[in-house]
Amino acid sequence: MLLKITSLRVYFKSADGFVKAADGVDLELYPGEILGLVGETGSGKTVLGLAITRLLPKTAAVSGEVLYRGQNLLALPEEEMRKVRGRQVSMIFQNPLSSLNPALSIGEQIAEVLREHQGLKRKAAWQRAGELLELTGIPAKWIRSYPHELSGGMRQRAMIAIGLACAPSLLIADEPTRGLDVTIQVQIVELLHAVTKGVSPPRSMLLITHDLGVAAALTDRLAVMYAGKIVEYGRTAEVFRNPRHPYTRALLDSHPSNGLIATRGFSPSLINLPPGCSFHPRCKKARKKCAHEPPLVQRIGMDHGVRCFYA
Amino acid sequence: MLEVVGIEKVFTSGIFRRRSIEVVRGVSFRVNKGQTLGLVGESGCGKTTVGKMIVRLIEPTAGRILFNGIELTRLDPRKLRKLRPKIQIIFQDPDMAFNPRWKIRDSLGEPFKLNRLARGREIIDRVLELIETVGLHPEHLNRYPFELSGGQLQRVALARVLALQPELIVADEPTSSLDVSVQAQVLTLLKELQRRFQFTCVFISHDLNVARWMSDRIAVMYRGKIVEEGKTESIFGSPRHPYTRALLGAILVPDPEAGRTWRVASLNHVSPEVNLEKAGGCSFQDRCPHAEKICREKEPPLAVSAPDHRVACHRFKDLVPVQANVTGKVCFL
């Protein structure tokens, strides 16, 4: 197992109480596997990615365990963690336009990573940056371009190039296709496939997305997140064919390819979660019990689990 | 109802060396009363500019826009102001469409005050009615825009537009910044409201799959021109233009078994080296897998390819017909 997360909790303190962004998350990721983490904005997906890389602000209260190759990342001294970041685990952030430095050319931004983490000399780092750009489908002659000169798709490619710079074993991609045109989305999906499944040995990836189409195209296994909790997990094909949690079903039905069927209600605020099952106010199947008792994860098959009483 | 005839927009920039960019090049279409036209294309194709020209936030360089037979493009400012409430637009990013210092209540009351449609207590009643029409709670009225989610804000945007009882709504990518599940809610609401209030709609989107649910007819735009136009069933049943087919092929279906057959690779990358304005010919030639000599020489006109279906392609007759089935799985090219 490459990554094993056990009862991870991330709380933020706010004036109105605790924001429970992740509330007891268990996840496993095997070598060479792509795991999809799907859910709505505000369900805690990004926080989970940031918790793994320990990039959360100091105000976050984190508990639980994040074992990477048997080593608990949460207990690592910052100095050690820096070595893990980039070389072992690297994160491709959401929204390249605000994540890239507008004042540096993309070449410099990639070379910087290589100098910092791999101790490459200036010239060698620059040359490697060019190779990485080519690898991600950006002509190497654009190495001196600035982020604003690139299109959305090209910026995303540059982000991926930075993420790949130190050849990490685990890539965390946070909404890599958000805000892109459909034609460009497909190209990014193909690129992500090429840099994970297409290398030897295959690289693992945690893909954070709200788009089930993207998840279907790329992932081996899927974890569905709602209000800070994993509500269903399983092999991608199995979850799509046989979704057991009412929320997973609702998510599938709302996709334009499946008829754009809306679920009533709004996702709850993470400060003030409904008692019992967080999904019960929106759930068609909810019964009395759901409003009082929080459901635990039930195993319903080989590597398929669901957090629902009536699945 | 709404008729757009050969509108064009040329933007010029630069102080010393004037450069001009043709953003919209001769776009024509009509939308019947109570119907929806989906205007689909990639970012930069000019679809938003067309939308803004319809509501006259941008002046067209040439062409005519007729609304109920009245030529908007020639109307004097006073008459235009009178007509404005009837023609409304919803923008892509709801976060930027509201004054961040105003409570939702104030933003929703504004159109009534501006157009002197109601006063005092009456405004409060109308605002309450509106907020419920779009499926929100009266308590939302006392919040500030940052306290609402994107989906909720887009509902408020819908409510604000409805305040004026518009006859035409231009919806410019109203859900592209929203999650899939929230998108479904907002679009379902928009459709419901259209059924109830019978407004005409121009729905702008980069996603054909979304436009399909909303539109009676679809016009596909590429580099400032309409390249294919027809009834929604017809566009999905027999897409003729290679670009439309590419857009259909780009739909990622939430089905792992279909997922790994993406074939958009067959669409060539845009080559910045080809200067299309100089080159002449079809504007899709550099990306088209079927481009031939004629495509480089002559610009294809928007010609009838089937009853009530128009396509701008020299070679559409030579292409193998394809069927995009309901789930959007396309086998093509």
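Asp308(B) counts as partly exposed because its relative accessibility is 40%, where buried means under 20% relative accessible area, exposed over 50%, and partly exposed in between (1.4 Å probe, protein chains only). This is a predicted model, in which local features need pLDDT of at least 70, side-chain atom pairs count only at pLDDT 80 or more, and totals for chains, interfaces and linings use all residues. Residues are numbered from 1 along each chain as its sequence is written, chains are lettered from A and ligands numbered from 1 in the order in which they are written, and side-chain values use heavy atoms, with hydrogens and water left out.

**Salt bridges within chains**

- Over all chains, the structure holds 34 salt bridges, each a side-chain nitrogen of Lys or Arg within 4 Å of a carboxyl oxygen of Asp or Glu.
- Asp308(B) meets Arg217(B) in one of them, at 3.0 Å from N to O.
- Asp308(B) lies in the loop between strands S11 (303-306) and S12 (309-311) of chain B and Arg217(B) in strand S9 (residues 217-222), so this pair ties together parts that are 91 residues apart in sequence; helices (H or I, at least four residues) and strands (E, at least two) are DSSP runs, numbered from the N terminus.
- Arg217(B) is buried, at 16% relative accessibility.
- A network of salt bridges links Arg217(B), Glu229(B), Lys231(B), Asp308(B) and Arg310(B).
- Glu292(B) and Arg315(B) also form a salt bridge, at 3.6 Å from N to O.
- Glu292(B) is partly exposed at 39% relative accessibility, whereas Arg315(B) is buried at 16%.

**Helix H1 of chain A and the residue after it**

- In helix H1 (residues 45-52) of chain A, 7 of the 8 residues are buried, among them Val47(A), Leu48(A) and Leu50(A).
- Just after H1(A), Arg54(A) has a positive phi of about 55°.
- Arg54(A) forms a salt bridge with Glu78(A), with the closest N and O atoms 3.5 Å apart.
- Glu78(A) is in helix H2 (residues 78-84) and Arg54(A) in the loop between H1 and strand S4 (60-68) of chain A, so the pair ties together parts that are 24 residues apart in sequence.
- Both residues are partly exposed, Glu78(A) with a relative accessible area of 41% and Arg54(A) with 23%.

**Contact between chains A and B**

- Chain A gives 46 residues to the contact and chain B gives 42, contact meaning heavy atoms within 4.5 Å.
- Val182(A), Leu260(A) and Phe266(A) supply 18% of the area that chain A buries against chain B, more than any other three residues; buried area is the accessible area (1.4 Å probe) that two parts lose on being put together, summed over both.
- The two chains bury about 3500 Å² between them, 60% of it on carbon and sulfur atoms.
- The interface has 1 salt bridge, and the side chains of Arg178(A) and Asp179(B) meet in a salt bridge at 3.0 Å from N to O.
- H7(A) provides 8 residues, the largest share of the side of chain A that touches chain B.
- Thr183(A) lies in helix H7 (residues 182-196), is buried with a relative accessible area of 1%, and touches Glu42(B), Leu247(B) and Ala250(B), not counting residues up to four places away in sequence.

**Chain B as a whole**

- Chain B has 12 helices and 12 strands.
- Of its 333 residues, 54% are buried.
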